[in-house]
Amino acid sequence: MGRLIEQIIIHCSATPNGRPNTVQDIDAWHRTAGYHRSNPIINPDLKSIGYHYVIYIDGTVHTGRGVEEIGAHAADHNHDSIGICLIGTDKFTRAQWLSVSELVHVLSKAYPAADVMGHRDLPDVHKICPGFNAITWFYSGMGPLEGHCLE
Ligand SMILES: [Zn+2]
């Protein structure tokens with residue numbers, strides 16, 4: 001039986017815009033933060049990564065945890081959410097905007113009851129993550145956001 005998914009939560013890696021960090025980098029940072037995957041379904045070499053998906057600056061979508069695996073990306077909301085991380089802080093490539101829109105489109109069809117939001121939209125989160133208003137972005141059709149594009 002599948003995990004109940006109530007939220008699709010978008011994050012950024014909080015790394016310099018345009019810098020090509022990888023799932024291996026995030027895995028190392030999350031290991032330092034004390035995260036540990038207890039039951040990896042996919043990508044067992046990534047022993048700590050908290051996100052389910054990571055979108056590189058070239059637009060490629062990489063998996064971290066399997067969607068049936070509880071993530072480690074949003075305190076108190078991990079059990080019923082999927083976490084997507086865009087590499088960067090608040091400016092993303094056109095390829096990233098295209099990929100995140102395709103991924104969120106697919107996930108929101110697969111989990112029609114789930115709300116799409118940014119990390120910062122959760123209660124008691126005092127971060128800018130993911131660097132843009134993901135709720136407005138979702139409801140306005142998921143196009144690249146002006147002022148948040150790397151050329
Ligand atoms: Zn975040």
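Is V106 buried or exposed? In this predicted model, V106 has a relative accessibility of 52% and therefore counts as exposed, since the threshold for that class is over 50%. The residue belongs to helix α2. Between the C-alpha atoms of V106 and W137 there are 16 Å in space, and the two residues stand 31 positions apart in sequence. W137 will return below as a member of the largest nonpolar core.

The overall architecture comes next. The protein chain contains 3 helices and 7 strands, and their order along the sequence is β-α-β-β-β-β-α-β-α-β. Its radius of gyration is 14 Å, close to the 15 Å that the globule rule gives for 151 residues, so the chain is as compact as a globular protein of that length. Along the principal axes, the C-alpha atoms occupy a box of roughly 40 × 35 × 30 Å. Of the 151 residues, 50% count as buried. Among contacts with a separation of 6 or more, 66% are made by residues 24 or more positions apart.

Strand β1 covers residues 7-12, and 6 of its 6 residues are buried, so the strand is largely enclosed by the rest of the structure. The cover extends to both faces: Q7, I9 and H11 are buried on one side, while I8, I10 and C12 are buried on the other. Strand β4, residues 81-86, pairs with β1 in the parallel sense through 6 bridges; in this pairing I8 stands opposite I82. Strand β6 also runs parallel to β1, and 4 bridges join the two. Here M117 of β6 is the bridge partner of I9.

Which residues coordinate the zinc ion? The donors are H11 and H119, each through ND1, and C129 through SG, at 2.1 to 2.3 Å. Their spacing in sequence is H-x107-H-x9-C. H11 lies in β1, whereas C129 lies in the loop between β6 (115-118) and α3 (134-139), so this pair ties together parts that are 118 residues apart in sequence.

The nonpolar interior can be considered next. In soluble globular proteins, nonpolar side chains tend to be buried together. In this model the largest nonpolar core has 26 residues, of which I84, V104, F132 and W137 touch the most other members. The elements giving two or more residues to this core are β1, β2 (53-55), β4, α2 (94-110) and α3. Helix α2 supplies the largest share, with 5 residues. A second, separate core comprises 9 residues, including I26, L46, I49 and C85.

When neighbours within four places in sequence are set aside, W137 is in contact with I10, W97, V100, S101, V104, F132, M142, G143 and L145.

How many disulfides are found in the whole structure? The search finds 0. The sulfur of C85 has its closest cysteine sulfur in C12, at 6.7 Å, which is too far for a bond because a disulfide requires the two sulfur atoms to lie within 2.5 Å. C85 itself is buried, with a relative accessible area of 0%.

G18 is placed between β1 and α1 (23-32), and with 28% relative accessibility it counts as partly exposed. Not counting residues up to four places away in sequence, G18 touches I57 and L150. The C-alpha atoms of G18 and L150 are 7.2 Å apart in space, although 132 residues separate the two in sequence.

How values were computed:
Residues numbered from 1 in each chain as written. Predicted model: local features only at pLDDT ≥ 70, side-chain atom pairs only at ≥ 80, totals over all residues. Heavy atoms only, no water. Donors = N, O, S within 2.8 Å, 3.2 Å for Na, K, Ca; no water. Buried < 20%, exposed > 50% of the residue type's maximum accessible area, 1.4 Å probe, protein only. Pairing = 2+ DSSP bridges. Core = buried A, V, L, I, M, F, W, Y, C linked by side-chain atoms within 4.5 Å. Contact = heavy atoms within 4.5 Å. Rg over C-alpha atoms; globule rule 2.2 N^0.38 Å.
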